[in-house]
Amino acid sequence: SLPISTVVELDIDSMKLGILSEMENPRAYLSMAFYPDCLMFIGGTNCWSSVYGITEKYDLLEHQWYKCKKLNYPRYGHGNCTINERYIFVTGGCDRFYDIMNCELYDRKYDRWTEYSSMLKPVQKCNVLKFHDDIFVVGGKERNVQIFNYERKFWRFGPKLNDITSK
């Protein structure tokens with residue numbers, strides 16, 4: 001993957017892509033969070049020498065970019081999910097040399113990242129989904145499923161993914 005900076009939008013009626021804007025910092029392996037009023041772009045790498053903690057917000061109503069607070073731990077290949085349209089929970093990824101096990105929570109209201117409990121096992125290129133009070137971290141190199149209960153702030157393992165492949 002090469003670093004990109006172009007943000008596009010899909011016109012559902014015509015099924016055509018159009019350029020929405022350009023990010024200030026081209027990156028690869030970043031994560032994106034969606035809110036009704038904005039898109040958040042988190043972390044990433046230039047694929048050569050740098051790993052970023054940069055967080056940028058694109059306001060969909062004002063068509064304007066805003067810089068937000070940086071991650072406490074720059075990372076790429078991570079996943080995230082939104083919580084109650086206010087928070088972003090970021091987990092997993094790599095700092096260029098080592099897997100990152102700690103998690104971070106971004107508060108949109110206060111533009112602040114807070115460190116959170118570490119995962120049970122490191123994971124890169126994962127998918128993250130919130131369901132009720134649980135956050136599921138799925139995939140990566142191994143077939144582990146890790147579940148974080150947001151209210152109790154407690155990690156546990158879920159069942160492993162099965163061995164079925166698309167080959």
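Student: Is Glu-104 buried or exposed?
Tutor: Glu-104 counts as buried, at 0% relative accessibility. Buried means under 20% relative accessible area, exposed over 50%, and partly exposed in between (1.4 Å probe, protein chains only). Before we go on: this is a predicted model, where local features need pLDDT of at least 70, side-chain atom pairs count only at pLDDT 80 or more, and totals for chains, interfaces and linings use all residues. Residues are numbered from 1 along each chain as its sequence is written, and side-chain values use heavy atoms, with hydrogens and water left out.

Student: Thanks! Which side chain does Glu-104 meet in a salt bridge?
Tutor: That of Arg-75, at 3.0 Å from N to O. A salt bridge here is a side-chain nitrogen of Lys or Arg within 4 Å of a carboxyl oxygen of Asp or Glu. Arg-75 sits in the loop between S6 and S7 and Glu-104 in strand S9, 29 residues apart. Helices (H or I, at least four residues) and strands (E, at least two) are DSSP runs, numbered from the N terminus.

Student: And Arg-75, buried or exposed?
Tutor: Arg-75 is buried, with a relative accessible area of 0%.

Student: How many salt bridges does the whole structure have?
Tutor: A search finds six. One of them joins Asp-37 and Arg-108, at 3.1 Å from N to O.

Student: Why does that pair tie together parts that are 71 residues apart in sequence?
Tutor: Because Asp-37 lies in the loop between strand S3 (31-35) and strand S4 (38-45), while Arg-108 lies in the loop between S9 and strand S10 (112-116). Asp-37 is partly exposed at 26% relative accessible area, and Arg-108 is partly exposed at 28%.

Student: What about Lys-67?
Tutor: Lys-67 forms a salt bridge with Glu-24, with the closest N and O atoms 3.1 Å apart. Lys-67 is in strand S6 (residues 64-68) and Glu-24 in strand S2 (residues 16-27), 43 residues apart. Both Lys-67 and Glu-24 are exposed.

Student: New topic: which residues have the most contacts inside the largest nonpolar core?
Tutor: Phe-89 and Ile-135, in a core of 16 residues. A nonpolar core is a set of buried Ala, Val, Leu, Ile, Met, Phe, Trp, Tyr and Cys residues joined through side-chain atoms within 4.5 Å. Elements giving two or more residues to this core include strand S8 (87-91) and strand S12 (134-139).

Student: What is Phe-89 in contact with?
Tutor: Leaving aside neighbours within four places in sequence, the contacts (heavy atoms within 4.5 Å) of Phe-89 include Cys-81, Leu-105, Ile-135 and Trp-155. Apart from this core lies another, of 11 residues, among them Met-40 and Tyr-106.
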